[in-house]
Amino acid sequence: AAGIAVTADLREKYGFSRPYMMIPARFARRNGVELSGKAAVALAGRAVGVVAGTTHEAMLKSFFPTVKPTAFPTRDEMLAALKDAKVDAVFADGLSLPFWTASAASEGCCRLFDGPYVSEHFLGEGLSLMIRPDAPQLVGAVDYALARLAQEGRLQELYLRYFPNGLY
């Protein structure tokens with residue numbers, strides 16, 4: 001199943017299941033940075049990289065007004081700044097950031113820090129299954145199946161199969 005981000009236009013034409021996955025935002029921090037705690041509040045007054053003009057930039061400024069956002073034109077430039085100690089942390093997509101911190105590209109510089117953070121306002125409703133418009137009963141059946149999978153812990157097992165560092 002491909003994840004579909006729900007939009008108003010699509011909602012008029014199709015049915016949608018309940019969200020089966022929210023894509024969070026996460027912090028990654030440099031290993032050598034001394035912080036006074038294990039929560040994001042410890043980043044107060046510190047330079048935190050973010051990609052300019054993104055929902056992550058808006059979310060960072062809204063959720064964490066005491067950090068010093070440092071905007072970069074691209075994700076690659078932001079991550080390079082983190083590796084080069086130009087910022088103490090970054091705030092970005094929680095789907096790809098764990099892969100980067102665990103990869104050779106990070107050169108072992110950094111690790112995930114605090115979070116994850118979800119926000120329907122900034123990051124949307126999450127991923128849902130789009131269902132043909134002439135089958136409203138199918139939406140109910142899919143919602144029931146997703147609820148059962150969540151209750152039984154199977155969704156978490158699936159997340160960990162594809163995202164071994166976890167999403168949440």
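## Glu 107 and its loop

Glu 107 sits in the loop between α4 (97-102) and β7. Helices (H or I, at least four residues) and strands (E, at least two) are DSSP runs, numbered from the N terminus. The phi of Glu 107 is near 55 degrees, a positive value in a residue other than glycine. With a relative accessibility of 64%, Glu 107 counts as exposed. Buried means under 20% relative accessible area, exposed over 50%, and partly exposed in between (1.4 Å probe, protein chains only).

## Basis of the model

This is a predicted model, in which local features need pLDDT of at least 70, side-chain atom pairs count only at pLDDT 80 or more, and totals for chains, interfaces and linings use all residues. Residues are numbered from 1 along each chain as its sequence is written, and side-chain values use heavy atoms, with hydrogens and water left out.

## Overall build

The protein chain holds seven helices and nine strands. Its C-alpha trace spans about 55 × 30 × 25 Å along the principal axes. The chain has 168 residues, and 39% of them count as buried. A contact means heavy atoms within 4.5 Å. Among contacts between residues at least 6 apart in sequence, 69% join residues at least 24 apart.

The accessible surface of the protein chain is about 9,100 Å², and 55% of that belongs to carbon and sulfur atoms. Accessible areas come from the Shrake-Rupley method with a 1.4 Å probe; for residues, only the protein chains shown count as cover.

## Charges and salt bridges

The protein chain carries 18 positive and 17 negative charges, and their mean positions are 5 Å apart. Lys and Arg count as positive, Asp and Glu as negative; His and the chain ends are not counted. Each charge is placed at NZ of Lys, CZ of Arg, CG of Asp or CD of Glu.

Side chains of opposite charge can pair when their charged atoms come close. A salt bridge is a side-chain nitrogen of Lys or Arg within 4 Å of a carboxyl oxygen of Asp or Glu. The count comes to seven salt bridges. One of them joins Arg 46 to Asp 88, with the closest N and O atoms 3.2 Å apart. This pair links distant parts of the chain, 42 residues apart. Arg 46 is in the loop between β3 (25-30) and β4 (47-51), and Asp 88 is in the loop between α3 (75-83) and β6 (89-93). Arg 46 is partly exposed, at 26% relative accessible area.

Glu 57 and Lys 61 form another salt bridge, at 3.4 Å from N to O. Both residues lie in helix α2 (residues 55-63), four residues apart, about one turn of the helix. Glu 57 is buried at 14% relative accessibility, whereas Lys 61 is partly exposed at 45%. Arg 148 and Glu 152 also meet in a salt bridge, at 2.5 Å from N to O. Arg 148 is partly exposed at 37%, and Glu 152 is partly exposed at 46%.

## Disulfide

A disulfide is a pair of cysteine sulfur atoms within 2.5 Å. The count comes to one disulfide. Cys 109 and Cys 110 form it, with their sulfur atoms 2.1 Å apart. Both cysteines, Cys 109 and Cys 110, are buried. The torsion about their S-S bond is about -95 degrees, so the disulfide is left-handed.

Strand β7 covers residues 110-117 and includes Pro 116. The peptide bond from Gly 115 to Pro 116 is cis, with omega near 10 degrees. Asp 114 is also in strand β7. Asp 114 has a positive phi of about 55 degrees, although it is not a glycine. Its relative accessible area is 27%, so Asp 114 is partly exposed.
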